[in-house]
Amino acid sequence: RLVTAVDVTDRARAEHALSETLDTLRAVLDAVPDQIIVLDRDLRVQSVTHPAPGFDTPTLRGTPALDLVHPDDRPRVLELLRAVIDEGRTAQYEL
């Protein structure tokens, strides 16, 4: 008979700490009155705070962010998003 034992205490602690951190982040994001859209590197929606009526994160998840922007604003928004992602800059643009 072969028995294998693995101590997962460190992993369990790390998962618990991550869970607490994510809960804190969600609480902070929910407290901010502005809409925040979290995108992945491919500029697809991952989550949304305070979505417009009829929209929610599950509905929007995976949607290309530029699909949510007026066509006239897309080139400038794309430029700003690329600067944020590629250069780590912050950007603010009123649509």
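Leaving out neighbours within four places in sequence, aspartate 30 is in contact with Thr49 and His50, where contact means heavy atoms within 4.5 Å. The model is a predicted one, in which local features need pLDDT of at least 70 and side-chain atom pairs count only at pLDDT 80 or more, whereas totals for chains, interfaces and linings use all residues. Residues are numbered from 1 along each chain as its sequence is written, and side-chain values use heavy atoms, with hydrogens and water left out. Helices (H or I, at least four residues) and strands (E, at least two) are DSSP runs, numbered from the N terminus.

- Aspartate 30 lies in helix α1 and, at 53% relative accessibility, counts as exposed; the classes used here are buried for under 20% relative accessible area, exposed for over 50%, and partly exposed in between, with a 1.4 Å probe and protein chains only.
- The C-alpha atoms of aspartate 30 and valine 48 are separated by 9.7 Å, the two residues being 18 residues apart along the chain.
- Threonine 49, found in the loop between β2 and α2, is buried, with a relative accessible area of 8%.
- Not counting residues up to four places away in sequence, threonine 49 touches Leu29, Asp30, Asp34, Gln35 and Ile36.
- The side chain of threonine 49 also reaches the backbone nitrogen of isoleucine 36 at 2.8 Å, which falls under the rule for a polar contact: a pair of N or O atoms within 3.5 Å, where within protein one must be able to donate a hydrogen and the other to accept it, and where residues adjacent in sequence count only if both atoms are side-chain atoms.

- Strand β1 (residues 37-39) and strand β2 (residues 45-48) run antiparallel and are joined by three bridges; two strands pair if DSSP finds at least two bridges between them.
- Leucine 39 has valine 45, in β2, as its bridge partner.
- Five residues lie between the strands of this hairpin, and leucine 43 takes a positive phi near 65 degrees there.
- Leucine 43 is placed in the loop between β1 and β2 and counts as buried at 5% relative accessibility.
- Most residues other than glycine have a negative phi; leucine 43 has its positive phi of about 65 degrees although it is not a glycine.

**Threonine 63**

- Threonine 63 is found in the loop between α2 (57-60) and α3 (74-87), and a polar atom of the threonine 63 side chain lies 2.8 Å from the backbone oxygen of leucine 60.
- With neighbours within four places in sequence left aside, threonine 63 is in contact with Leu43, Arg44, Val45 and Leu68, a list that includes leucine 43 of the loop between β1 and β2.

**Salt bridges**

- Side chains of opposite charge can pair when their charged atoms come close.
- A salt bridge is here a side-chain nitrogen of Lys or Arg within 4 Å of a carboxyl oxygen of Asp or Glu, and by this rule the count comes to four salt bridges, among them the pairs that follow.
- The side chains of aspartate 10 and arginine 13 meet at 3.6 Å, N to O; both residues lie in helix α1 (residues 9-31), three residues apart, about one turn of the helix.
- Aspartate 10 is exposed, with a relative accessible area of 59%, and arginine 13 is likewise exposed, at 57%.
- Arginine 11 forms a salt bridge with glutamate 15, with the closest N and O atoms 2.9 Å apart, and these two residues of helix α1 are four residues apart, about one turn of the helix.
- Arginine 11 counts as exposed at 58% relative accessibility, whereas glutamate 15 is partly exposed, with a relative accessible area of 45%.
- In helix α3, glutamate 79 and arginine 76 are separated by about one helical turn because they are three residues apart; the closest N and O atoms of their salt bridge are 2.8 Å apart, and arginine 76 counts as partly exposed at 34% relative accessibility.

**A nonpolar surface patch**

- Leu18, Leu22 and Leu25 make a nonpolar surface patch of about 260 Å²; patches are made of residues with over 30% relative accessible area and no salt bridge, like charges being joined within 9 Å and nonpolar side chains (Val, Leu, Ile, Met, Phe, Trp, Tyr) within 5 Å, and accessible areas come from the Shrake-Rupley method with a 1.4 Å probe, with only the protein chains shown counting as cover for residues.
- Leucine 25 has its place in helix α1 and counts as partly exposed, at 44% relative accessibility.
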